[in-house]
Amino acid sequence: MVTEKDVEHIGELADIGIDNVELATFTGQFNAIVEYFDVLDRVQGEGAVTRDLYNVLREDVVEPSLSQDEALQNAGAQEDGFIKAPRVM
Amino acid sequence: MAVHTINFEPDDRYNAFLKVCAKPTHGEGNLAGITIAVKDNISTQGIETTCASKILKGYVPPYDAHAVGLIKSAGAAVAGKTNMDEFGMGTSTENSAFGPTLNPCDTGRVPGGSSGGSAAAVAAGMVCMALGTDTGGSIRCPAAFCGIVGLKPTYGRVSRYGLIAYANSLETIGPMANNVTDVSLLMSVIAGHDRKDTTSHDKPYNHIPSADIKGLRIGIPGEYFGKGVDPEVAVVVRRAIGRLEELGAVIVPCSIPSMEYALAAYYVICTSEASSNLARFDGVRYGPAVDTKKSWHAAYQDMRKQGFGPEVRRRIMLGTFALSSGYYGKYYAKAQIARENVRKDFARLFSEVDVLCGPTMPTIAFKLGEKSDPLSMYLSDILTVPVNLAGIPAISIPCGKVQEMPVGLQIMGRPFEDERVIDVAYAYEQAAKP
C-alpha cells in the first residue's frame, strides 16, 4: 500500500513539485499501478544477464564540437559566457 | 549539388504537426524531393524540437539527429515536426501539451501513440513518409490505428543519436509510410552504423522487398488472441494469417508464457529509465528559463511542475519509486529477470519458426477521452511491448477493418532480420491488393 506520505517523499526525490490536490489523485493511481506490478512477484529466473557485447569506448581525443555560442543558445540565464543556475546554498 | 525549394502547405485539420516547414529545401538522392515529417522528439538543426512538452518550448537544437542528417543527405525535404504524446509517454497522442492529434479515419477517435502525428500526417496524405520512434509500440500502434505501415527496427540498427531519450534500452527510430515499399526505402536510408551511438550495430539495410514466402514458418502465439483482445479484431487478423497460409507459409501455433508479466516489466523499466533521463529537464540549459533567484530544489520543483504534463510526472515518480531503496529488488531487479525471460521465449520460438504474427493492438482506435485512467491506457500496450523488451524487429500493416476502422497485422522477426519481416508484410500487401 502506497501512502500519500510515500508519494510526497518520491515527489521530493524527483524534484517534481506536488500540491495537496494532486497528492490524493497520484496516490490512488499509484496504488492501482503498483498492485498490477505485483505480478512480478511470480517471476522466476536468473538474476545476472550476460551478453556477448562489450562497451564501445574510444580514446579521449579532443574533436570539433559545439561552439560556446551554440552551447549557450538555448540557456535561459547566462552570465559572462556561462550558464547560470539557481543557487545551491 | 543543386538545392531545390518546394512549397509545403498542408491542410492540417488533424493537428498532426507541431511545426510546419512551409518552404523546405532538398537535394538529390534516393529520397529526392520526398516530403518527410519528423516526430518532435528527434532533433532537427534550426527547427524547434519540443517533444510536445512545455518544458522544451522554444528549444532549437544546434545539431541534427543522425537519422535526420541521413534523410537530408538522401535528398528528402523535412516537412515539419509532428505531434506526439509528451516525451513519447502515451498510446493516444492525447498527452501532448499542444492538444491531441485526431485520427484521419474518424476524427472522434485517437490516432494512437505516441507517434500519432507522424501516422496521421501519412494517413491523410500530407506527407509521403514519416520518422517515428517506438519505445513500447509507438510506431506500430498509430500505424495500426490510422491504417498505414510502420516498422520498429531491431534495436541498434538505426542510430539513436539526437533522439531525445525517454527509455534508452527500449527505444528506436523507425520508418512510417502508406506502403511496405516506401517503408523499406526509408529504412535503407536510416539504417547503418553510427559511432556517436554506442549501441549502434554495423548492419546496413540494402533490401528490395520480395513477396516469396513459400515454406516460411509463421508462429501464432495463443496469447496474442487471448484475454483483452477484441474478438472482432482477432477474426480480421486470423483471416489475414490465412491469406499468408494460402501464399505457401506454414502456420505453427505456439506460446509466449512470459507475456503474463511482460507489460508490468516494461512499465517498471521504462519509468525507471525515464526518471533518470528526464532529470536533465530543469530549465537551466534549455527550455523556459528557471528562476535563478530561488533555491535549487524550489526552483526545479516549480519549473518541473509547470513544465511537465501529468503523465510525464506520473512516470518520473513511478520510476523513482521502482528504483528507490527498499523497492529496487521487488520491482526493477525482478523486471530485468522478466525481460530476460521474454527474450528467451522469443529465442526459443525463433529456433522453430521464422516469424511470429498476431494483432498489433487489442482493439481498434478508441474514442478521444475514452481511457482516462492511466492503467487502462497502459494495458493497450500488451501486444507491442514484448518486442521492445527483446529488441527484435516488428512491423504493423493494415489487414482489414472493424467498424470501418483499420486493424493492424503485426509481424515479428529474429534480431537483425528486419528484411524478412518486410518481405512477409510485402507478400501480404501484394496478395491483399484489390
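**Entry 1: a strand pair.** I started with strand 6 (residues 129-134) and strand 8 (residues 172-177) of chain B, which are joined by 6 bridges and run antiparallel. This is a predicted model, so I'm reading everything here as a prediction. I also looked up one partner: B:Asp134 bridges to B:Thr172 in strand 8 of chain B.

**Entry 2: the whole sheet.** Next I asked myself in what order the strands of the open sheet in chain B are arranged. I found 11 strands in the order 2-5-4-6-8-7-12-13-11-9-10, with mixed pairing. At the edges I noted strand 2 (17-20) and strand 10 (250-254) of chain B, and each of them pairs on one side only. From one strand to the next, I get an average twist of 30 degrees. A reminder to myself: strands of a sheet pair through backbone hydrogen bonds, either parallel or antiparallel.

**Entry 3: helices on the sheet.** I checked helix 5 (residues 231-246) of chain B and saw that it lies across strands 9, 10, 11, 12 and 13 of chain B. Helix 5 runs at about 115 degrees to strand 12 of chain B.

**Entry 4: between the chains.** Then I turned to helix 1 (residues 4-13) of chain A, which packs with helix 8 (residues 310-323) of chain B at about 100 degrees, their axes 9 Å apart. So I can call helix 1 of chain A roughly perpendicular to helix 8 of chain B. Which residues of these two helices meet? I listed A:Ile10, A:Gly11 and A:Leu13 on the chain A side, and B:Met317, B:Thr320 and B:Phe321 on the chain B side.

Terms used. Residues are numbered from 1 along each chain as its sequence is written. Chains are lettered from A and ligands numbered from 1 in the order in which they are written. This is a predicted model: local features need pLDDT of at least 70, side-chain atom pairs count only at pLDDT 80 or more; totals for chains, interfaces and linings use all residues. Two strands pair if DSSP finds at least two bridges between them. Helices (H or I, at least four residues) and strands (E, at least two) are DSSP runs, numbered from the N terminus. Axes are lines fitted to C-alpha atoms, for helices over the stretch in contact, and angles run from 0 to 180 degrees between N-to-C directions. Two residues are in contact if their C-beta atoms, placed from the backbone, lie within 7 Å. Angles under 35 degrees count as roughly parallel, over 145 as roughly antiparallel, 65 to 115 as roughly perpendicular and the rest as oblique.
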